[in-house]
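Thanks for coming, everyone. Please take a moment with the sequence and the structure on the screen, and then I will walk you through a few contacts between side chains and between helices.

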Amino acid sequence: MTEVRYNWTTEEISEIYHSPLLDLVYRAATIHRENKDYSEVQISSLISIKTGGCPEDCAYCPQAARYNTGVDVHAIMPKEEVIAVAQRAKNGGASRLCMGAAWREVRDNRDFDKVLDMVKAVNELDMEVCCTLGMLTEHQAQRLADAGLYAYNHNLDTSEDDYKRIITTRTYDDRLKTLENVRKAKISVCSGGIIGLGETVEDRISMLKTLSNLPKHPESVPINALVPVKGTPLADQPRVAIWDMVRMIATARIIMPKTVVRLSAGRTEMSTLEQAFCFMAGANSIFAGEKLLTTPNPSFDEDMAMFELLGLSPRKAFKNGRPNVPKELKEMSINEVI
């Protein structure tokens, strides 16, 4: 079995990334197939529970209040509506629901209490629950863990050197601190980045080095292709070449062999053949459903047809166990035993 390492050098990762494409894919596919469940792909569904009006200046994001992108501001969704969306996603084959809110950071207020209630409710549907809510304190991460949160997404987006070109309203260290707080609460970490922002290949390699040299590899690493949105500073960026996505996925698979690598934003521009290359290179998760927060995404039906063609099967929830159980459920279990 491939050794799991946390001391990758820039030179080593660069050599992998720049290796001949077919050799790179073959190496990644070989490592991927060391896992007996290599043909399983997790289907996740992402919904925006609070849309627009964000004070951040992320250059790619249509939800930033300072950009005129046509995204309407919506208050936090009612819990009943979230449960209905979650149930439809589960019926479509999803085993994880990720709830996103356009916040800079979590605040200890009634809206956060509502999110905690949503986490508990979706847990009862036997789905993995993920949140992406911005920066978290250690105490807030623990509250999410106590509610039963399975995973927390907080992407690095790009390299540390490139970061200030994309975002000025928070620092790279802020990102890393949130990941540390999530890990302390024993919540599964989901963190990756976006390519196509105008970054260099060296920036991509640097981001992968940061992720692979964390004290523990993220349980999942999303690889996103930028979806340019009119009104944002990156609206005129060209489409990312599919082979750049394949190289990123394959390199992530090789240096983080146990991690779930997520083929995320940008799939609407990919053919079935192009997505097949990504799965061959080691991707074993996708987001399904008509939207990724505010940008288009393939439907569940389209993805099921692709799975059948490629011989892939949806991964069931909680394959790696349930790290967090809501306190009231723990107490209920104890009472049942008594």
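**Helix packing and salt bridges**

Keeping in mind that what we are looking at is a predicted model, let us begin with two helices, where Arg204, Met207, Leu208 and Ser212 in α8 meet Asp244, Met248, Thr251, Ala252 and Ile255 in α9. The residues of this contact divide into five nonpolar, two polar and two charged. Helix α8 covers residues 201-212 and helix α9 covers residues 242-255, and they pack at an angle of about 25° with their axes 11 Å apart. Since angles under 35 degrees count as roughly parallel, α8 and α9 are therefore roughly parallel to each other, and their crossing is right-handed.

Now to the charged side chains. Side chains of opposite charge can pair when their charged atoms come close. How many salt bridges does a search of the whole structure find? The search gives 20.

One of them joins the side chains of Glu56 and Arg104, at 3.8 Å from N to O. This pair links distant parts of the chain, 48 residues apart, with Glu56 in the loop between β1 and α3, and Arg104 in the loop between β2 and α4. Glu56 counts as buried, at 2% relative accessibility, whereas Arg104, at 26%, is partly exposed. Both residues belong to a network of salt bridges that also links Glu105, Arg107 and Arg170.

Note on methods:
Residues numbered from 1 in each chain as written. Predicted model: local features only at pLDDT ≥ 70, side-chain atom pairs only at ≥ 80, totals over all residues. Heavy atoms only, no water. Axes fitted to C-alpha atoms, helices over the stretch in contact; angles between N-to-C directions. Helix = DSSP H or I, 4+ residues; strand = E, 2+ residues; numbered from the N terminus. Parallel < 35°, antiparallel > 145°, perpendicular 65-115°, else oblique. Left-handed = near helix turned anticlockwise from the far one by under 90°. Contact = heavy atoms within 4.5 Å. Nonpolar A, V, L, I, M, F, W, Y, C, P; charged D, E, K, R; others polar. Salt bridge = Lys/Arg side-chain N within 4 Å of Asp/Glu carboxyl O. Buried < 20%, exposed > 50% of the residue type's maximum accessible area, 1.4 Å probe, protein only.
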